[in-house]
Every structure is written in C-alpha cells, then in structure tokens.
Amino acid sequence: MCGINGIFHLQSSRKVDPKILVRMRDSLAHRGPDDKGIFIEKNIGLGQRRLSILDTSQGGHQPFISEDQRYVMVYNGEIYNYKDFYPELKSNGFVQKTSSDTEVLLQLYRHIGLDMLPKLNGMFAFAIWDSFEKKLILVRDRMGVKPLYYTFHNDSFYFASEQKALFTAGIPLKIDLDGLEEYIFNRFVAGENTLYQNIKEVLPGHILTIDESGKVTHEKWWDLKIEIQNQPIIKNPLEWFTETFDDSVRLRMVSDVPVGVLLSGGLDSSSTLASLKFQNYKNIQTFNIGFKEDQHNESHLAKMLSDKYNYSFNTLQIDNNLLFESMIKATYYQDEPLMHLNEPHLLSIAQLAQSKVKVLLSGEGADELMGGYVRYKALKNPWILNLISTLGQSNLFKNNSRYEKLIRYSQIKHPQDLISYNSSNIYPKEIANLFGITQEPKNDFRKKIIDEAASLYPNNLQRQALYFDQHTYMQSLLNRNDRTTMGASIECREPFLDQRLIAGLGSLNDKWLFTGKKGKYIQKTAMQDRLPPEILTFKKVGLSAPWNNYLLKTPAFQDEMQSFAQSDLFRMSYFENIDSTKLINSFQNGDSRMLPYIMPLFMMHIWLKNYTTQF
C-alpha cells in the first residue's frame, strides 16, 4: 500500500524538477512511511511512498524498473492472487527476484500487456511509463478502492493518490461550482469530476493513456453491467455465496505483516470475523469504536463476538477536544469537507490499530451489494410514497426524525430523482426553502448510471438504486475508508468487494437480497450457523455519531459554532442567500431538524478554514 505521484511534461525538452516531484511525494508520507523513491528521465518523473505489506525487504522498492529497462512503474495496492501467476511467468522465461506483487504486476504487463487486468484479484492504482513508446499509462481497480487523481497544468500532466500532492506541486486550488452544487444536493461529487476545478479522477475500472503529443485516451476495462449480464446462472446461491465470501476473506489475509478487523458489532464486519474463525485463523486483533449513547453503540456486540472467538478486542471512545482535533486531521487527509461524519472516529481507531497491525479488514460494500439500507425500502412500491406524502401534511410524524425524513423524501416525484437523492440527507425543495438555492446540479454522471441501471433492471427501482450506489455512494465510502486508514498508515481491505461477489450478487433474484425486514437475506442466511442471534437480529446502527450533542455540548465545538456563524463560507456567492444566524440560532435553540442542513455547511466551513489555507 502506497502513495504514488508523477509529472509528465508534454514539452520533451523540459526536465522534471526533482524538488517539486519530491514535495509531491512527501506530502503523501502518511500513505507510505517505510520507504520512498523517485525516478526522473528528462520530462517524466515518478514518485512513491511505500507502506510495506508484501515482501517488506528492499525487493519491493519503487519506482520499480523492468529487467529490460523499458518500463517503470509506481503502484498502490495489493494483488491478492499474485502467486497464482508464478507458473505462467516462469514458463515464459520470467524469473522472480523478489516475493512482491509489484514485480509480478510489471512482469505480467511485459508478458501480456493490459490483458492482464481481468485476471487480477485485488485493489490497485498504478502508473507505467513506457520509455520506448514515450507514453504514460494510468490504471484503476474495478470498484475504485484505491484513489488516483490527475490534472493538466501549464502544458504538463500531473497525477497523485491524493489531491493535496497536486496542490503541493503548485496546481491552483479552486472550487468548481458544479462540484459545489453536487456537494450540497448529493453530499459528494460522483464520477470523474471533483470538488476542484481542473482536477479529475481516473474512473474505477478505467485506463488513461497519455503520450508526448498530449493525446489522451480513456478505456473502460471492467464494466459491471456487462459482468452481470454475462454471469453464469448460480444454481445454489447460498452455497456459492458462502464459498466465495470465505475465499475472498482468505485472499485478503495474504500479508507479511499482522492483519486485524474493523469490528463494529454489525452484521457485515461480524460476518468477516466469523469467516476468519471458520477458516481457523488465529491471533486476530479486532478494533472497535464505542459511543456513550446506547442508540449509537454496538461495542457490547463486538466484544461479545471477539471473546466468543478468542480474539483480542480493542475499543476506543473519542469525544470532546479529542474528537475536535481528529475532525481537523481527518479533513486534511480527506482533502474535501467531511460528509459521512464518522471520518474522525475511523481515523482515531485506525491510529489505535497502527501500533498492532498494518492491515485492517472492513465490512464495507455489503449494504450496497445486498440492499442493507432501510432507504431502499421506499423504492419497492413507489405509490406508497404518494400516500406518505399526503399523510405528511397532517404533521403526525413531526417528532420522529426517521419518518420526518421519509415524508420529505416522498415529495420527490420523478423516479430518477428518487434514486439520485436516495442517499441524500436533504432534498431540493428544502434546499430551495432554507438555502435559497434553486439550481440543481447537472449530475451528468449520475444520470448516465441511472440509465444503465434502468436498462439492466427495468421497472425495478430497488435494484436500480443498488447499481447506482455501487457507482456513486459506495465510491465515497471507499474513499473515506482509504483516507482515514491511510492517514494512520494502515491498509484497508474489503472482502465483500471481490469481483466474483459483485457480479454474482448483481445477477441474483430479488428474493436473495430484499426478503425480510432488513435486507441482505442471502448473507444473513449464510451466517445463521456462524453468528449468535444477538448480532443477526440487532437493530442496524451503522457507524453513526451523535453530532447534535457534539455541536451543542462540547466546548471546542461550541466555540467553533461561534466562528461558523461568521464564516467566510457565507460570503461566497453560492451561499449568499443563507441566513446563517437564523439557521444556527434555530439549531442551538433546540430545533434538531436543522442538523442535516447545518452539517454540510459546518464541515465545509472547517475545510475552508483549516485545509484550503495550507496551499
């Protein structure tokens, strides 16, 4: 696991400045504290910071140069099945000089080029410089577990694992209005665009190639819709799921350093731990975030399961000033305003884990693959939303936050918008009323994915929402996981995101996903003999946090709320119609319904104040 960066001047006579390349590289030191390296050849420069996981010797040092000197690679990620390629490479004359997956990856590229990609089981973002053809190739894994950003500036191409490395190189930090609109309406920017002007990301499952002439090509090497359509019929779904999930967990235990588990106490992380126990893994460390408030706390379940399996349990509660400080740090590592609102907690638990392990397994992805969010239920029978919308006018549910949100959601009429705003906390009508912002985002990428989903699952809004989230909301979760764990120099792996599970689950009948009150029927059924009933039946909490209490009762946050009321944010033209004093006073005077409107603005204030001023 690493941080990678590069500079490619399109004027071949212009040499890469090593000082700029190193500054970029070392802004990513948290991603790779174990080793560092650069490669410069006239107008091309590559940099890498290494977190040693496989082959912790100097054998895995990067940039990695092929034996014939033609190719140079910087690589972030893990190829879990890299040893499977040893026989093929050996029979074709390749000799392994290290035990690293880095060497295997570059040898495979020399052997069969980018045709290697469908064979890989892993998470990765890498760049290969072809010194013969004078072209740079950037590749990102299927689901976008590993980040990769790029930009053009002053006739040069820059790329890096995190945006901060680009800003460190002198790329202007400018907010993109389209990105700002998406942040307010949809919580995050989806697709190749970002919150920043002229900074894009390589899309998951895509290849970007650029040559010295400046010609850029984009190629999609993995297409989820096609994979689902080509998935052979699964004759015994329960047996298939159990065996595939166990094998995915096994693969993600490939490591030369200790591996632990992020254990919330919920079904997904508990399923991962149960698989480890079933496969007889020993000496596993589990790491848990606890809360004082019962409605947010699952620690007792996480401890119970760890004790049951005889695994070491580690837990942490953060609040008050420690939470505030962690929020500031998480904002720096995230490069954008926090939107999931549990980033400070994940960063803190990753920092605790760092003293004992270098790798953490996460339960991320299960909800989006198998329908685990209650918000999907609203899409099963859309006509019911019309009834709810009518009932909402009676104010029967004004004191129940969950029903109150459902009533607001029911005001959305167009099916595409029901999907697009399904993961939002506030909706266009309220944004217009409270913020005075009436222009909805273009959402071209979101609309494209919704069209794909509709063609794959016609007349099935629930399945369309899952497919949509797999390309949008889940990307934001994976980005959060990467930034918070790598901020603590920890690698995060997601067993549910094995490509076999993703395509296979996408091909199954609805009953395997949506049967029962909580969804994820196939997973719950598979885990019935492995997990105690307390976990199988516990009300889903997720990693939610009591921000109401934080903002109103914690001194550091109370002080910041005073600064927030006078924030530069409200002097930006986009937010000029917001009455910040009225909004904040309503919240501080006990109107908890204001929290969903406060939080995105508060986190953007924190980002403007603490992040953007550093570049």
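**Placing and naming residues in a predicted model**

Q: Where is Asn-443 placed?
A: Asn-443 sits in the loop between helix H16 (428-435) and helix H17 (444-456), where helices (H or I, at least four residues) and strands (E, at least two) are DSSP runs numbered from the N terminus. This is a predicted model, in which local features need pLDDT of at least 70 and side-chain atom pairs count only at pLDDT 80 or more, while totals for chains, interfaces and linings use all residues. Residues are numbered from 1 along each chain as its sequence is written, and side-chain values use heavy atoms, with hydrogens and water left out.

Q: Why is Asn-443 called buried?
A: Buried means under 20% relative accessible area, exposed over 50%, and partly exposed in between (1.4 Å probe, protein chains only); Asn-443 has 8%, and therefore counts as buried.

Q: What makes the phi of Asn-443 worth noting?
A: Asn-443 is not a glycine, yet its phi is positive, at about 55°. Most residues other than glycine have a negative phi.

Q: Why does Asn-310 count as exposed?
A: Asn-310, in the loop between helix H9 (299-309) and strand E15 (312-316), has a relative accessibility of 67%, which lies over the 50% limit, so Asn-310 is exposed. Its phi is positive too, near 60°.

Q: Why is Gln-351 described as partly exposed?
A: Gln-351, which lies in helix H11, has a relative accessible area of 36%, and because this value falls between the two limits, the residue is neither buried nor exposed but partly exposed.

Q: Why are H11 and H19 called oblique to each other?
A: The axes of H11 (residues 343-353) and H19 (residues 473-486), which come within 8 Å, cross at roughly 40°; axes are lines fitted to C-alpha atoms, for helices over the stretch in contact, and angles run from 0 to 180 degrees between N-to-C directions. Angles under 35 degrees count as roughly parallel, over 145 as roughly antiparallel, 65 to 115 as roughly perpendicular and the rest as oblique, so H11 and H19 are oblique.

Q: How do you know that Asp-498 is buried, and what does its side chain meet?
A: The relative accessible area of Asp-498 is 0%, so this residue is buried, and its place is the loop between strand E17 (491-493) and helix H20 (499-507). Leaving aside neighbours within four places in sequence, Asp-498 is in contact (heavy atoms within 4.5 Å) with residues including Asn-121 and Arg-252. The side chain of Asp-498 makes a polar contact with the side chain of Asn-121 at 2.9 Å, a polar contact being a pair of N or O atoms within 3.5 Å, of which, within protein, one must be able to donate a hydrogen and the other to accept it, residues adjacent in sequence counting only if both atoms are side-chain atoms.
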